[in-house]
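Please open the model in your viewer and keep the selection panel at hand. The tour moves from one selection to the next and says what is there.

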Amino acid sequence: MENEVKQINQMNKNRFVENQNIYRKESISSYIDKFSYDSLNLRLLSEKVLPISETGRIYAHSFKPFLCGEKEELIKEFSRVKRFSTALKNEPSTQIQLIDNLKHIKNISMILDKLRNSQILEIFEIQEVKNFLFFYQKVFNLFDKNLSKELFCLNNLENLFDFLDPENQKIPSFYISSAYSEEIRNLRELLAKLSNRKKLLVKQQLQEAKESLELTSIEKEIVVSRYNPLKEKLLNSAFFSVVSENFANITFQLRENERILELSKSINETLIQINEEEKKIRLIISRHLESEHEKLSLAHSETGRMDFYLTRAIFYNDHLCCIPEFISDNTVDIINARNLPVEWELKKHDVPYQKIDIISDKQINILQGANMAGKTTILKTLGQIFYLAAHLVPVPASVCRIPLLDRIFYSGQSSQTDRMDLSSFGYEVVSISKALGNNSKSLFLIDEFARGTNPEEGTAFSFAIFNSFTSREDILFAATHFTIPTGIINCNRFRIKGIASSLQKSVLSASISLNDRIKTIHKYMDYSLEKVEENCEPPKSALLIAELLGVDSDIVETANDILNKNKRNRKNNDNLKSK
């Protein structure tokens, strides 16, 4: 097992680098740009699998997503996540204990570097090592008793902890115990005797001063006002001397006699000897830890690795996820997919979440749907699932078969306000053009492209953009209101079913709140996808949605009259042309 871990560490040498930034800029810029990352609500999902310990966070933050060509490796690592999740499900109390112990495990990589370079550790650094070993050993014992030891290479380091705990106190704190050296034991005993003797002599001298000055109480240091009659007594006393003064007060301190001064000198000399002896012991401890450096480093890295997998295993169990399967073509087969951020938000408002199936056997996929039909949510759900899968996170679905890709790009409304010198359409065009200049195999999620321009040009421009993917290896999912012409090869066209026919406007005729109106729309909205033929008219239900949301019925009726008039005019024009 140890050899396997060494091979994994070597294989991942270029995949994992120590980095303590919470959101690794290199990963975001190469796999997904910041706008796409934020728009897809990936920060919220990433926080859900953020490890507990400092070592785990270093491992997680330096993680690089699995890309094209790394399918077998990713499948192997997902198998480990699944086995870990099963073990935790069978031992719920063990999961709680693991979390409690991991909270105390800190990053000691700098201390390990000092050991590797044969440097002497300071006492606080030895303390950090002992603290790590204390909680690491608890983690090891949990795996040894309740979980599979085959999951991670966690070795028993009890002997190393005992070396830092010679008095067998079984606590994480450290001090240089007298058990390490007979010499330091003798020096500390001598120091205690000298200190007690000095304390007794000081007490005797204070008593003499008290009687001589006729005071009711006395301390080693006395602060008196310049106008206090006691000032003259103290100035003329052989027991006290002035150590400081200001415009209001004078501070006096006990003038130690020769016997006390001699004892103070002996105490200082003993302290120097103790310091030298402690340095020798720190050297002995450092050399011993250095000899165990490989085991200690392995424990440190494996604890972080285990923590990284732990949060993913917990995510799998807590959110009813599945382990994705990875295929070599452009097929997407996701059953009962869920957008967790949306689901959590709907739950706050007691609105049930509707799972969806996303099944495609084509490279290009065009989604059409009515307003509020969930086109944007479907695109974001796809982006989240592809991102999670590439980052070794189980996905919120019952089945997931997808290819591994090199990049994710999202273009939508939430990413169109970051440049003040460009309009929303201008920013959209620039960002898509830049993304198309990248040759890596990507997932493109384009939400309502050209929504900011007129329908005629928007339709033509959208067709041109979508059609350009026929000569690329990327996968495209695009949502649009436009009627896209025929002629795009290798293209699926989907429609979101939308408002159920069973919805009667009368159910909203009463004076009800906006929140209740939205709940009703969600109740009757069918978010599922269905394939449609080429050149299919996009659903038109904007006016119905507006009325359901409480827009004045006169306004809606006027808009309907205009639509019907335009429809009649087009029909008459068509008849004239046919004659």
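The stops below cover a sheet, a pair of helices and a few salt bridges.

Before selecting anything, note that this is a predicted model, in which local features need pLDDT of at least 70 and side-chain atom pairs count only at pLDDT 80 or more, while totals for chains, interfaces and linings use all residues. Residues are numbered from 1 along each chain as its sequence is written, and side-chain values use heavy atoms, with hydrogens and water left out.

Strands here are DSSP runs of E with at least two residues, helices are runs of H or I with at least four residues, and both are numbered from the N terminus. These 3 strands form an open sheet in the order 1-3-2 with antiparallel pairing, where two strands pair if DSSP finds at least two bridges between them.

Between strand 2 and strand 3, find the hairpin that joins them through 3 residues.

**Two helices**

Next, select residues 182-213, helix 11, together with residues 258-291, helix 13, which pack at an angle of about 155° with their axes 9 Å apart. Axes are lines fitted to C-alpha atoms, for helices over the stretch in contact, and angles run from 0 to 180 degrees between N-to-C directions. That makes helix 11 roughly antiparallel to helix 13, a term used for angles over 145 degrees.

**Salt bridges**

The structure holds 26 salt bridges, each being a side-chain nitrogen of Lys or Arg within 4 Å of a carboxyl oxygen of Asp or Glu.

Select Glu256 and Lys198, which form a salt bridge with their closest N and O atoms 3.9 Å apart. Glu256 lies in the loop between strand 3 and helix 13 and Lys198 in helix 11, so the pair ties together parts that are 58 residues apart in sequence.

Finally, select Asp113 and Arg116, whose salt bridge has its closest N and O atoms 2.7 Å apart. Being 3 residues apart in helix 8, Asp113 and Arg116 are separated by about one helical turn.

Conventions:
Angles under 35 degrees count as roughly parallel, over 145 as roughly antiparallel, 65 to 115 as roughly perpendicular and the rest as oblique.
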